[in-house]
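Subject: Handing over a structure

Hello,

I am passing this structure on to you. Please open it first, then read my notes below.

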Amino acid sequence: MIYTVTLNPSIDYVIQLPKLNLGEVNRLEKSYKFPGGKGINVSRILRELGYANQAWGFLGGFTGKFVNAQLQQLHLNANFTKIADDTRINVKLKADQETELNAAGPEITETEKQTFIAQFDNLNKNDVVIFSGSVPSSLPETFYFDLIQKVKAQHAEYAVDTAGEALKRTLPTHPVVVKPNNHELADLFGVKLANLDEIKHYGLKLIEMGAQNVMISMAGDGGMLVTKDHCYRSAAPKGTVQNSVGAGDSMLAGFTGTFDATHDPVESFRYGLACGSATAFSADIATRAKIDELLPQINIEEF
Ligand SMILES: Nc1ncnc2c1ncn2[C@@H]1O[C@H](COP(=O)(O)OP(=O)(O)O)[C@@H](O)[C@H]1O
Ligand SMILES: O=P(O)(O)OC[C@H]1O[C@](O)(COP(=O)(O)O)[C@@H](O)[C@@H]1O
């Protein structure tokens, strides 16, 4: 079974207007509310691909109720720990540019934290845990690292999609895959990445630091997969971008679900790329039909 962990879910409030005028009253053209948070998006794609999974994390307050109801409507298998505080609202602004405003997240009490941690005692060696997204500011920065010790104690596998120190700390524990985007990779080393050779160089550094596979997403420029012995690269298929929120999560879901089933890194990368672009070309998270349409257009080359 695959478990996704979203410590900091959200309502993604997507608002659309032709142009944002700061300091003035702006009227929205359209607005939507989606259940958000990286692990939730991963679970939605895993479900589309037919991989059994359960979504874990913290949900609470009126916003948490909305997210829970939406997950039920989507028939997502979820087992979130109930918290007293409100789940956050993230604003995704689509005007002449895409701007994201992600909140810090709710207060999580010690009892709520312990209830959540107890779930990890029931994992077994056939399970995979996907840790995705930010850690709410009320939890320690070491939280992912601490949870990984629990996963390792049960001999289960795990993947990590987070940034900065939280990501760095998990690398020596040998996650099966990490998925920084090219900007997060650059920030991690305090550098600017000007070309694919430099991206490969820093991807290999993450391998040296302990990751088993490093999948670097590059939005409209496709992606790169760095393993111990190989590096693969693919451009993105052509299409009309509708909403790239969740593209990275979709990519991680495609890779991890396929890798768990096949242990084939290239096939997993192919699914990752198709899922990422399929979501970018959809208003919401991609459907299986959109993913299947893009799969034949993915061309992976050794780099
Ligand atoms: N504009 C786009 N056109 C085509 N594919 C895209 C686009 N944006 C994202 N993708 C696909 O989705 C993957 C993940 O997107 P990206 O934006 O890099 O991730 P993140 O959301 O984590 O920053 C990309 O590597 C690419 O394969
Ligand atoms: O936990 P973070 O890093 O604040 O990110 C949360 C946001 O990421 C998303 O999961 C989208 O992630 P990606 O666009 O990176 O795939 C949104 O649904 C959510 O608002």
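First, the ground rules. This is a predicted model, in which local features need pLDDT of at least 70, side-chain atom pairs count only at pLDDT 80 or more, and totals for chains, interfaces and linings use all residues. Residues are numbered from 1 along each chain as its sequence is written, while chains are lettered from A and ligands numbered from 1 in the order in which they are written.

Annotation. An unreviewed UniProt entry places "domain: Carbohydrate kinase PfkB" at residues 7-281. Such annotations may be inferred rather than shown by experiment. The span is 38% helix and 22% strand. Its end C-alpha atoms lie 27 Å apart. Helices (H or I, at least four residues) and strands (E, at least two) are DSSP runs, numbered from the N terminus.

Ligand 1. Its shell holds 17 residues. A residue counts if its C-beta atom, placed from the backbone, lies within 6 Å. The closest are Ser217, Ala236, Ala247, Gly248 and Gly276. Helices H8 (247-262) and H9 (265-280) each supply at least two residues. H9 gives the most, with 4. By class, the shell has 8 nonpolar, 9 polar and no charged residues. Here Ala, Val, Leu, Ile, Met, Phe, Trp, Tyr, Cys and Pro are nonpolar, Asp, Glu, Lys and Arg are charged, and the others, Gly among them, are polar.

Ligand 2. There are 16 residues around ligand 2, and Gly36, Asn90, Gly133, Ser134 and Gly248 come nearest. Strand S2 (10-16), helix H1 (38-49) and H8 each supply at least two. H8 gives the most, with 3 residues. This shell divides into 2 nonpolar, 11 polar and 3 charged.

The sheet. Four strands form an open, mixed sheet in the order S3-S2-S6-S7. Strands pair if DSSP finds at least two bridges between them. S3 (30-36) and S7 (98-101) are the edge strands, each pairing on one side only. S6 (88-94) and S7 run antiparallel, joined by 4 bridges. Val91 has Leu101 of S7 as its bridge partner.

The helix pair. At what angle do H6 and H7 pack? Helix H6 (182-189) and helix H7 (196-208) pack at about 65°, with axes 10 Å apart. Axes are lines fitted to C-alpha atoms over the stretch in contact, and angles run from 0 to 180 degrees between N-to-C directions. Asn182, Leu185 and Phe189 of H6 meet Ile199, Tyr202 and Gly203 of H7. Contact means C-beta atoms, placed from the backbone, within 7 Å. These residues divide into 4 nonpolar, 2 polar and no charged.

Best wishes

Conventions:
Contact = placed C-beta atoms within 7 Å.
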